[in-house]
Amino acid sequence: LKPFKLSLLLRRTMASALVDLLGPKLAGRGGDVDTSGLDGKTIGLYFSAHWCPPCRGFTPKLAEWYQKDLQSKGLEVVFVSSDRDEDAFKEYFAEMPWLALPYADRSRKEQLSKKFKVQGIPSFVLLKSSGEVITLDGRSAVSEDPTGANFPWLPEPFSLGDSFVGKDGDVPAASIAGKVKLLYFSAHWCPPCRGFTPQLAKAYATWKEKGMNVEVIFVSGDKDQSSFDEYYGEMPWIAVPFEDKRCKQWNKQFEVSGIPTVVILDTDNSVINKDGRGTIAGDFEGKTFPWHPPLIGDLENPSGIQDAPAIVALMETQTEQEQEQALSELRVLAEKYRCEEKKTGETKYVFFAAKTSGSTSGRVRQMTKQQSLPPAKHEHSLAVADGGRGWGCDGCSKSGDECKGRNRCTEGCDFDLCDDCLAESGKAMPSLPVKVVLLDLASQGFYEMSGDLTTNGVEDFLGEFEGGKLVKQEF
């Protein structure tokens with residue numbers, strides 16, 4: 001193709017991608033606007049609603065920045081409404097100087113919320129005109145740069161930098177270039193971090209004894225240098241210096257939304273696992289190094305369960321042999337969708353299994369109206385501990401201030417049971433069949449599969465889900 005024809009073809013392809021994403025028409029101040037007219041622009045999907053106070057606070061700021069600088073630089077904003085009715089939508093949209101997804105297109109609104117993992121509003125997702133994501137946290141990008149000096153806020157390529165803090169002085173980044181790297185986002189003020197750090201340190205010593213090609217890098221969220229120094233004093237690995245710009249950059253690049261978080265990078269710095277904490281917590285010995293995400297996750301370590309509709313197999317009462325048979329059926333589909341994910345870059349479904357009775361499986365059973373089970377007996381002994389706030393029962397999932405008594409693991413596990421769950425733990429399980437449910441956290445609902453867990457059965461179940469033939473139940 002000649003250059004001008006190739007350019008025209010690419011523009012048509014990008015315009016088609018936006019039409020597929022947003023529909024052929026958008027609402028404008030003076031009437032409908034062709035979506036294809038957004039070709040060449042950076043798109044900001046603004047998930048918001050009039051009933052939301054933070055949204056009403058952010059909207060006038062975004063409107064000011066848009067009209068003063070950002071629109072002229074090539075930003076087009078599309079309002080995706082979470083208003084409760086069309087009158088509220090119209091009233092709120094009248095305050096906005098940009099475009100909107102038609103309110104009547106509720107199904108597309110739900111699809112966009114799922115696709116971009118919108119868990120709360122206001123949310124501002126930045127896209128290239130091809131539909132490719134620039135950042136899911138566009139709100140921070142525009143708030144930190146309202147004049148658009150760094151527009152269109154493309155993410156910087158990952159770089160290890162020049163050096164790190166070590167126990168005996170600076171450590172050159174080149175010395176770990178060929179290793180698997182665990183970026184450990186943590187802070188001294190965070191109780192779950194302080195519980196996880198000694199476990200990770202013990203595991204790190206084991207990995208070093210085995211000669212595993214791995215290094216941990218502490219990425220601090222501490223509030224001052226003294227807190228950083230005190231906390232890093234408990235760690236045997238290297239660290240990014242306190243207030244080094246890499247701390248903020250890496251938090252953004254890997255979309256860290258809470259701590260402790262472990263991001264696992266391969267020897268070439270490509271991402272192996274953005275939710276590595278749960279995977280490592282289930283394998284401190286390093287048997288599955290370098291910890292690629294499992295095809296079927298452990299429901300008690302549900303990292304990534306919010307990324308896509310989740311197929312969950314509840315099999316706590318089955319024997320190990322029965323569980324393995326059920327998992328072998330589910331594994332076929334999990335492998336199929338993992339291959340699709342590698343090709344498209346999008347996660348269609350995630351898979352989890354509950355093999356033991358724990359806090360997460362108990363919560364899922366409660367949410368999906370299944371029969372409750374007694375919590376499994378913990379592998380270590382428990383002892384009475386101070387109660388109060390800041391802890392939760394790993395049996396019933398209640399917060400500490402709702403529980404009577406606290407019994408904590410004596411071997412350092414971050415595990416607690418209230419008195420009631422301690423009395424029930426380890427009791428005989430009822431005989432129940434494997435139950436498969438599909439959790440759609442984005443829409444706050446679930447779907448229940450009937451029949452036995454077989455590859456064909458689950459595939460048919462997902463086909464009915466995609467065809468809109470199933471009835472959603474509310475949590």
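Strand β3 (residues 42-48) and strand β4 (residues 75-81) run parallel, joined by seven bridges; strands count as paired if DSSP finds at least two bridges between them. T42 has L75 as its bridge partner in β4. Getting from β3 to β4, the chain passes through helix α2 (residues 53-70), and this β-α-β crossover is right-handed, meaning that with the strands pointing away from the viewer, the path from the first strand over the helix to the second runs clockwise. Helices (H or I, at least four residues) and strands (E, at least two) are DSSP runs, numbered from the N terminus.

This is a predicted model, with local features needing pLDDT of at least 70 and side-chain atom pairs pLDDT 80 or more, while totals for chains, interfaces and linings use all residues. Residues are numbered from 1 along each chain as its sequence is written, and side-chain values use heavy atoms, leaving out hydrogens and water.

Back to β3: strand β6 (residues 123-127) pairs with β3 too, antiparallel and through five bridges, with F47 opposite S123. Seven of the seven β3 residues are buried (under 20% relative accessible area, 1.4 Å probe, protein chains only).

Now the rings. Phe, Tyr and Trp (its six-membered ring) pair if their centres lie within 6.5 Å, and planes under 30 degrees apart count as stacked. That gives 30 aromatic pairs. Take F79 and F89: their centres are 5.7 Å apart and their planes at 10°, so they are stacked. F79 sits in β4 and F89 in helix α3 (residues 86-93). Both belong to one aromatic cluster, whose members include Y46, F58 and W65.

Notes:
Buried < 20%, exposed > 50% of the residue type's maximum accessible area, 1.4 Å probe, protein only. Phe/Tyr/Trp six-rings, centres within 6.5 Å; stacked < 30°, edge-to-face > 60°.
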